[in-house]
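User: Could we go through this model together? I would like to cover its architecture and the packing inside it.

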Amino acid sequence: MSSTAETRTCLHCAREIEYIEADGQGAWYDSSNRTGCVDGEQPHAPEPLCGSCQDYGLIEIRHASTDGLIGHRPCDDPACTDRREKAAARAAEKHTGEMVIGSEEFGPQVCAECGWGGYTPVPGLYAQGRPVYVCTATGCGYRADVSAFELGDGERLAVHDGRLYLVRPYDGAPF
Ligand SMILES: [Zn+2]
Ligand SMILES: [Zn+2]
Ligand SMILES: [Zn+2]
């Protein structure tokens, strides 16, 4: 299996995708190893490169007579701007950050379906008196109740800033 180092943004779902080839057959894969978008069943496909900036987001400014490079300006191609905003919004939905608060370690719980978003409680929805969580990624909608999480000794679930974490006593070195 070979893989190009290059990642691109999916045209449909704005995930980061990477082209992976095996036995002469290749496909675009996302970080959770899927070849299809969650919203709709179409396969991931790379966005076309921006014709103005080749997706660098910056355009070179050259001196009118010497053609020397004198600076950069942000690419203002509307499709390019729109894509960068979508990619930034998408990146903000990614839920991977671990935290230590006081003497506890907060491990992010990542969606079992899309492998990208986190879980947040569904307001007012309970299963057997316990909260139900829904994925925070746009277009995913995967739900899980408390029974989907295996808790070890001394572990509990907690919501911080609207995202679900598995909390356990922190036993690493103190800061
Ligand atoms: Zn996609
Ligand atoms: Zn551009
Ligand atoms: Zn999800």
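Analyst: The notes below take up the domains, the sheets, the core and some backbone angles.

User: What kind of model is this, and how is it numbered?

Analyst: It is a predicted model, in which local features need pLDDT of at least 70 and side-chain atom pairs count only at pLDDT 80 or more, while totals for chains, interfaces and linings use all residues. Residues are numbered from 1 along each chain as its sequence is written, and chains are lettered from A and ligands numbered from 1 in the order in which they are written.

User: How is the chain divided?

Analyst: There is a domain 1 (2–93) and a domain 2 (99–169), with bounds that come from an automatic or database domain assignment. Their C-alpha centres are 30 Å apart.

User: How many residues are in contact between the two domains?

Analyst: Seven residues of domain 1 are in contact with 10 residues of domain 2; contact means that the C-beta atoms, placed from the backbone, lie within 7 Å. On the domain 1 side, the residues comprise two nonpolar, two polar and three charged. Here Ala, Val, Leu, Ile, Met, Phe, Trp, Tyr, Cys and Pro count as nonpolar, Asp, Glu, Lys and Arg as charged, and the others, Gly among them, as polar.

User: Turning to the sheets, what is the order of the four-strand one?

Analyst: The order is β6-β7-β12-β11, in an open sheet with antiparallel pairing. Strands (E, at least two residues) are DSSP runs numbered from the N terminus, and two of them pair if DSSP finds at least two bridges between them. From one strand to the next the twist averages 40°, based on axes that are lines fitted to C-alpha atoms, with angles running from 0 to 180 degrees between N-to-C directions.

User: And which residues stand opposite each other there?

Analyst: Starting at β6, three bridges join this strand to β7 (residues 104–108), and I101 has E104 as its bridge partner. β7 is joined to β12 by five bridges, with E105 opposite R168. β11 and β12 (residues 163–169) also pair over five bridges, and A158 stands opposite Y165.

User: What about the three-strand sheet: what is its order, and why does each edge strand have a side without a neighbour?

Analyst: That open sheet has the order β8-β9-β10, again with antiparallel pairing. β8 (119–127) and β10 (143–145) are at the edges with a single partner strand each, so one side of each has no neighbour in the sheet. The twist here averages 35° from one strand to the next. Three bridges join β9 to β10, and A144 is the bridge partner of Y133.

User: Which residues have the most contacts inside the largest nonpolar core?

Analyst: They are C10, C13, C111, C114, Y119, C135 and A137, in a core of 18 residues. β9 (130–135) and β12 each supply at least two residues, and β9 gives the most, with three. The core draws at least three residues from each of domain 1 and domain 2. A nonpolar core is a set of buried Ala, Val, Leu, Ile, Met, Phe, Trp, Tyr and Cys residues joined through C-beta atoms within 7 Å.

User: What does Y119 touch?

Analyst: Leaving aside residues up to four places away in sequence, Y119 touches Q109, C111, Y133, V134, C135, A144 and L164.

User: A change of topic: where are A14 and D161, and is each buried or exposed?

Analyst: A14 is in the loop between β1 (2–9) and β2, and has a positive phi of about 65° although it is not a glycine. A14 is buried, with 21 other C-beta atoms within 10 Å. D161 lies in the loop between β11 and β12 and has a positive phi of about 50°, also without being a glycine. D161 counts as exposed because it has 8 C-beta neighbours inside 10 Å. The cut-offs are 20 or more other C-beta atoms within 10 Å for buried, 12 or fewer for exposed, and partly exposed in between, with C-beta atoms placed from the backbone.

User: Which residues take a positive phi in the hairpins?

Analyst: In the hairpin of β2 and β3, D23 takes a positive phi near 50°, and two residues lie between the strands. Five bridges join β2 (residues 16–22) to β3 (residues 25–29) in the antiparallel sense, with Y19 opposite W28. The hairpin of β6 and β7 has two residues between its strands, and G102 in the turn has a positive phi of about 60°.
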